[in-house]
Amino acid sequence: DHGDDTMTDPCTGLMWQKNTAPGTYNWQNALLYCEDLSLADYGDWRLPNVRELQSIVDYGRFDPSIDTTVFGAVSGIYWSSTSDARFPDSAWLVNFGNGYINIGGDGKGFFYYVRAVRSGP
């Protein structure tokens, strides 16, 4: 915990936005939110890919399935930057209510939660 609304995962080296972005976003706006984010004097934030997002799921917890002593979290579905190769109008999602990874079969126009990431220091 860097004390500035960010934390670095010592296992992956990734720096995370500690709190969920305010509101919900469609996929395109989720990408833009992360790209435009200026947090802790860094401007190189991005929407995490599905594996990065899965790396912060805590499968020993439920509703939300994330360590809430580290992260602020909504028990809901979060966008990843990973499009589904079979259905390019869909992207992979991580459900922090139960830890499941899903294909966003509803399409990129639906609204879900966002958390930004950047490569570590």
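1. Lys18 is buried, with a relative accessible area of 14%. Here buried means under 20% relative accessible area, exposed means over 50%, and partly exposed is in between, using a 1.4 Å probe and protein chains only. The model is predicted, so local features need pLDDT of at least 70 and side-chain atom pairs count only at pLDDT 80 or more, while totals for chains, interfaces and linings use all residues. Residues are numbered from 1 along each chain as its sequence is written, and side-chain values use heavy atoms, with hydrogens and water left out.

2. Lys18 forms a salt bridge with Asp1, and their closest N and O atoms are 2.5 Å apart. The two residues sit in distant parts of the chain, 17 residues apart: Asp1 is in the segment before β1 (6–8), and Lys18 is in the loop between β2 (14–17) and α1 (27–36). A salt bridge is a side-chain nitrogen of Lys or Arg within 4 Å of a carboxyl oxygen of Asp or Glu. Helices (H or I, at least four residues) and strands (E, at least two) are DSSP runs, numbered from the N terminus.

3. How many salt bridges does the structure hold? There are 6. Side chains of opposite charge can pair when their charged atoms come close.

4. Arg46 and Glu52 form another salt bridge, with 2.8 Å between the closest N and O atoms. Glu52 counts as buried at 14% relative accessibility, while Arg46 is partly exposed at 27%.

5. In the salt bridge between Asp84 and Arg86, the closest N and O atoms are 3.4 Å apart. Is Asp84 buried or exposed? Asp84 is buried, at 3% relative accessibility, whereas Arg86 is exposed, with a relative accessible area of 57%. Elsewhere, salt bridges with shared partners join Asp58, Arg61 and Asp67 into one network.

6. Asp9, in the loop between β1 and β2, is buried but has no salt bridge. The nearest side chain of opposite charge is that of Arg115, 11 Å away. For charge, Lys and Arg count as positive and Asp and Glu as negative; His and the chain ends are not counted.

7. What lies around Asp9? Leaving aside residues up to four places away in sequence, Asp9 touches Leu14 and Trp16, where contact means heavy atoms within 4.5 Å. A polar atom of the Asp9 side chain also lies 2.8 Å from the backbone nitrogen of Cys11.

Key: A polar contact is a pair of N or O atoms within 3.5 Å; within protein, one must be able to donate a hydrogen and the other to accept it, and residues adjacent in sequence count only if both atoms are side-chain atoms.
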